[in-house]
Amino acid sequence: FVALLIIVPPSSLPAEMPGQLEESEGLGHNQRVLKLQEDRVRAYEDFEAAIRAFIDGGTEEEYERACRDITARFKVASDQINAVNDDLLTLATAAAKGLSGWIRKLQDAEKDKLYLTVASHIERKRLAKMKLAAELVAKNAAEQGTHVCGHAHTHESEGTTADQELNDLALEVHGEQVDTMHKDINIMIEKINEILDEIRYWEDEE
């Protein structure tokens with residue numbers, strides 16, 4: 001987790017996203033949270049684009065640079081949602097406290113989702129490197145095959161074939177692990193959407 005999400009010094013974080021606070025003025029507390037959540041969703045979309053770019057051949061430096069930017073955006077959105085919640089609690093009404101509870105649930109669920117997403121990125125990066133290594137093994141096996149064509153297999157070629165089979169098995173197992181993580185993330189997204197539905201229709205000043 002720590003290795004993937006870059007720690008950004010507080011002084012380098014923007015106090016707000018451009019136009020974000022101005023656009024939210026006049027909105028109810030629940031609508032302000034929903035608007036900030038949209039910013040968080042866009043950050044996740046860029047996060048996914050970053051890992052896909054890495055898998056497609058991007059560099060580690062490019063990926064880490066994207067992570068620094070996205071980490072800052074996640075922090076801004078989370079901090080501002082917490083600020084909305086703090087302001088909400090000043091109303092000291094039962095409805096406000098109820099909405100505050102849903103906002104806290106949203107923040108907790110988002111924290112879990114981020115952890116799962118970061119973990120999945122680590123495994124997807126590892127899987128991409130494993131696939132590259134497997135391709136090299138297959139290439140070497142093919143090259144050795146041309147040298148022993150028409151002759152009995154040597155111990156070296158047999159060992160290469162065994163290595164290739166082990167790599168294929170490792171890829172299959174690791175791919176299944178990544179698929180399981182994707183399912184866990186989708187379950188968390190469903191949970192977050194249910195929480196957002198509650199927030200969307202909640203009136204904080206009843």
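**Exercise 1.** Are Phe47 and Phe74 buried or exposed? Classify their ring pair in this predicted model, and state which helices it connects.

*Solution.* 
1. Both Phe47 and Phe74 are buried.
2. A pair of aromatic rings is described by the distance of the centres and the angle of the planes.
3. For Phe47 and Phe74, the centres are 6.1 Å apart and the planes stand at 70 degrees. Centres within 6.5 Å make a pair, and planes over 60 degrees apart count as edge-to-face. The pair of Phe47 and Phe74 is therefore edge-to-face.
4. Phe47 belongs to helix α2 (residues 29–55) and Phe74 to helix α3 (residues 60–89), so the pair ties together parts that are 27 residues apart in sequence.
5. The structure has 3 aromatic pairs. Ring pairs join Tyr44, Phe47 and Phe74 in a cluster.

**Exercise 2.** Find the rings over which Lys105 and Lys125 lie, and give the distances.

*Solution.* 
1. Lys105 places its charged end over the ring of Trp102, 4.2 Å from the ring centre.
2. Lys125 lies over the face of Phe54, and the distance to the ring centre is 5.1 Å.

**Exercise 3.** Describe the salt bridge of Arg42 and Asp39, and classify both residues by accessibility.

*Solution.* 
1. The closest N and O atoms of Arg42 and Asp39 are 2.3 Å apart. A salt bridge requires these atoms within 4 Å, so the pair qualifies.
2. Both residues lie in helix α2, 3 residues apart, which is about one turn of the helix.
3. Arg42 has a relative accessible area of 40% and is partly exposed. Asp39 has 18% relative accessibility; the cut-off for buried is under 20%, so Asp39 counts as buried.

**Exercise 4.** How many salt bridges does the structure hold, and which residues are linked in a network?

*Solution.* 
1. The structure holds 11 salt bridges.
2. Asp46, Asp69 and Arg73 are linked in a network of salt bridges.

Technical notes:
Residues numbered from 1 in each chain as written. Predicted model: local features only at pLDDT ≥ 70, side-chain atom pairs only at ≥ 80, totals over all residues. Heavy atoms only, no water. Phe/Tyr/Trp six-rings, centres within 6.5 Å; stacked < 30°, edge-to-face > 60°. Helix = DSSP H or I, 4+ residues; strand = E, 2+ residues; numbered from the N terminus. Buried < 20%, exposed > 50% of the residue type's maximum accessible area, 1.4 Å probe, protein only. Lys NZ or Arg CZ within 6 Å of the ring centre and 35° of its normal. Salt bridge = Lys/Arg side-chain N within 4 Å of Asp/Glu carboxyl O.
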